[in-house]
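Okay, thanks for coming, everyone.

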Amino acid sequence: MIGDKKRTESAETYRRRRWTAHLGLWVFLGSEAMLFGSLALGFIGLRMLYPEPFAVASAHLKTALGTLNTAILLTSSLTMALAVHAARGTRRVGAPLFLFGTAALGVLFLTIKGYEYYQEYHDHLVPWWSARDPALSPPVQLFFVCYFFLTGAHALHLLLGIIIVLMVCSIDTFSALRIPTVTVECVGLYWHFVDIVWIFLFPLLYLYGGPSQ
Amino acid sequence: MNEASYLAEGGTLRQWLTTTDHKKIGILYLFSVTFFFLVGGAAAALVRTELLFPDAYLVTSEGYNRLFTLHGIIMVWFFLIPSIPNTIGNFVIPLMIGAPDLAFPRLNLASWYIFLGGGCFTLWAVISGGIDTGWTFYTPFSTRFSESRVLLALIGIVFAGFSSVLTGLNFIVTTHRLRAPGMTWSRLPLFVWSHYATSVILVLATPVLTLGLVLVGIERVSGIGIFDPKLGGDPLLFEHIFWFYSHPAVYIMVLPAMGVVSEIITCFARRRIFGYTFVALSSLAIAGIGFLVWGHHMFVSGQSLYAGLAFSLLSYLVAIPSAIKVFNWSLTLYKGEIYLSGPMLYVLSFIGLFTIGGLTGLFLAALAVDVHVHDTYFVVAHFHYIMVGGTVTAYFGALHFWWPKITGRLYPDRFAKWAALAIFVGFNMTFFPQFLMGYQGHPRRYHLYPPEFQTLHVVSTLGAAVLAIGYFLPMSYLLWSFFRGPRSGPNPWGASGLEWKTTSPPPTHNFHEQPRVTWEAYTYDR
């Protein structure tokens, strides 16, 4: 990871290294965007094939919990933005606190998501489970495959984000060094990306009311 | 070997396996892709031997399916895609732009380990029974019917994909950020331009393949119809996802080869490339338009006629930047002081074979003609002209051209010429008959065939034997050269690129002092 060694290097090399790290992360996010983008596009394609069954399936989701989770994730983006702001400033003590808050909100999101998964398991909606509700038609099962895959891929990315954020926090706690600004900025970029993915997933999956009449 | 060279420093196995030096990682890749080339080549040899006779005599039909699948998977993901970028590109890109290493050296090493991990899964799949789906994994065969090791192979390919993305990312950032003072975009060697375009495809197309293959895995394990029409899925969706990656993947394979051609042809024609800007931008155009042509693999799959029309037209468009390159290379030769060295012969045969491959691609992009030749040997011949006649020939050309830089040794040029000739003759003997067979309606991937095709099949198999000799020759004399070859100076070809300004082999940090570029690319003209 690229850190600050401001005392030992010139401002110019520091600026160059920061650019390099940012560019690397942006290219990575471009790749990630293609992953989630094609996933979402495939889902939309299938939804055009089966508009009614997908509306029926979507009605099974816990929209209230999904909304709550959206609010939590948006708040975590705020704390992440504050962490980046703190890391860029002169009084950088706030950065680890905000990062810790961000990770905590991420954990809260995953907990609620896990509870949702548990509810869906309870309602026999898991399509590859032998005890699934026999009334689920194949297109409805297809919706749930997409749902679990899309939200699962998102949750996995979020989990990775939480681990990285905690690792970055620990730089400050366990060593005498300050958290490098570049590191916080890069983690922030990644975190916001994962949030934006959710902003697309939420309406796609939860708020679909069926074909317009 | 001079004392400051990267080969002299840190020579233990442990130091090699933990190196972050782009040059050493390039050599690690060289060993791995050579290994996979031999595995994939052995499968091809068995396929060709089996096809000597119309009836089964060597393998069962099951075994035949597994052989051509093995050949396809290994050659596409474990040889062709990493071949030029990860070996030659890894080695020379930082040297060409005057950088001490790639932007993320540790990521580069990680990418090699991930690649090896993917290779292990794929080899495991092969050893534990093989895969019989063809390299395309079409559903629902791959998800419901195939009883082979599809999952293992899928995991292997997904890993190889991650490795590709990391390499592409590294090249993009390196090209943007690590150019030496004075190395402006308009002075960038065309090899770097073409790798930049390749990297954009690697980064943007590979995740889509990952997605498609993971979905195939989910459908196979869970029995939920994502792609299987019987279970409510959409088989065309898989084809869309697969070809959205796999058509651009063709450009991943051929764009780096085009970069090699631009480097070598200017050096041995002693001329600045004709139309530098056009050649550079045509790489980006190929990468861009290449994303919009995938539907031409699906003309007979039942996609809408209008989609077919659009994809046909777009496929014609992608021929324009390719033709720009071929014309500009030809014009570079015009009035040049052409020196027919070994590397130059490889490059000249690339141009001829690529042109045939490209023009037959236009046959296939025409809707009506494609209905006739779809899924026949015509297609097989077409893409082998691009991938083997094009990419593999350029790969060998590149290996010969940069060999003195990589090892600091020379090889006997006479042998290089004979090998280039053997490859050219053997290749045409192998694949030209396949155009004829395909045009007469011989379907691809068939184990048994009507006896009237036997003559052409025999010619093709004999050609493959000549081709194999052509490939083994360089492996032997280059190995000899590594240990016994005469020492090379920094610039044995009198080439103009920055990589030739440093010693051969280069020191660990590439340059003894920070290079400053004050000249344009390819300053060969008097």
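Predicted model: local features only at pLDDT ≥ 70, side-chain atom pairs only at ≥ 80, totals over all residues.

You'll find B:Asn510 in the segment after helix 15 of chain B.

The peptide bond leading from B:Ser504 into B:Pro505 is cis, with omega near -15 degrees.

Go to the loop between helix 4 and helix 5, where B:Phe137 is found. B:Phe137 has a positive phi, near 55 degrees, and again we're talking about a residue other than glycine. Buried or exposed? B:Phe137 counts as buried, because it has 25 C-beta neighbours inside 10 Å. B:Pro140 lies in that loop as well, between helix 4 (105-127) and helix 5 (141-145). B:Thr139 and B:Pro140 are joined by a cis peptide bond, with omega about 0 degrees.

Okay, on to the core. The largest nonpolar core has 220 residues, and the ones touching the most other members are B:Val261 and B:Ala394. Which helix gives the most to this core? That would be helix 8 of chain B, residues 235-269, which puts in 22 residues. As for B:Ala394, leaving out residues up to four places away in sequence, its contacts include B:Val261 itself, along with B:Ala257, B:Val260 and B:Phe350.

While we're on helix 8 of chain B, have a look at B:Ala249, which is found there. B:Ala249 counts as buried because there are 23 C-beta neighbours inside 10 Å. Setting aside neighbours within four places in sequence, B:Ala249 is in contact with B:Ile81 and B:Ala205. Its C-alpha is also 8.4 Å from that of B:Thr206, which is 43 residues away along the chain.

Next, helix packing. Helix 2 of chain B, residues 22-50, packs against helix 15, residues 454-484, at an angle of about 150 degrees, and the axes are 9 Å apart. So those two helices of chain B are roughly antiparallel, as angles over 145 count that way. Who makes the contact? From helix 2 of chain B it's B:Ala45, B:Arg48 and B:Thr49, and from helix 15 it's B:Ser460, B:Thr461, B:Ala464 and B:Ala468. By class, that contact has 3 nonpolar, 3 polar and 1 charged.

Last stop, the partner chain. Chain A has 6 helices and 0 strands, and its C-alpha atoms fill a box of roughly 65 × 30 × 30 Å along the principal axes. Of its 213 residues, 38% are buried. Within chain A, if you take contacts between residues at least 6 apart in sequence, 77% join residues at least 24 apart.

And where do the chains meet? 26 residues of chain B are in contact with 26 residues of chain A. On the chain B side, helix 6, helix 7 and helix 8 each supply at least two residues, and helix 7 gives the most, with 8. That side of chain B is made up of 17 nonpolar, 7 polar and 2 charged residues.

Technical notes:
Residues numbered from 1 in each chain as written. Chains lettered and ligands numbered in written order. Core = buried A, V, L, I, M, F, W, Y, C linked by C-beta atoms within 7 Å. Buried ≥ 20, exposed ≤ 12 C-beta atoms within 10 Å, placed from the backbone. Helix = DSSP H or I, 4+ residues; strand = E, 2+ residues; numbered from the N terminus. Contact = placed C-beta atoms within 7 Å. Nonpolar A, V, L, I, M, F, W, Y, C, P; charged D, E, K, R; others polar. Axes fitted to C-alpha atoms, helices over the stretch in contact; angles between N-to-C directions. Parallel < 35°, antiparallel > 145°, perpendicular 65-115°, else oblique.
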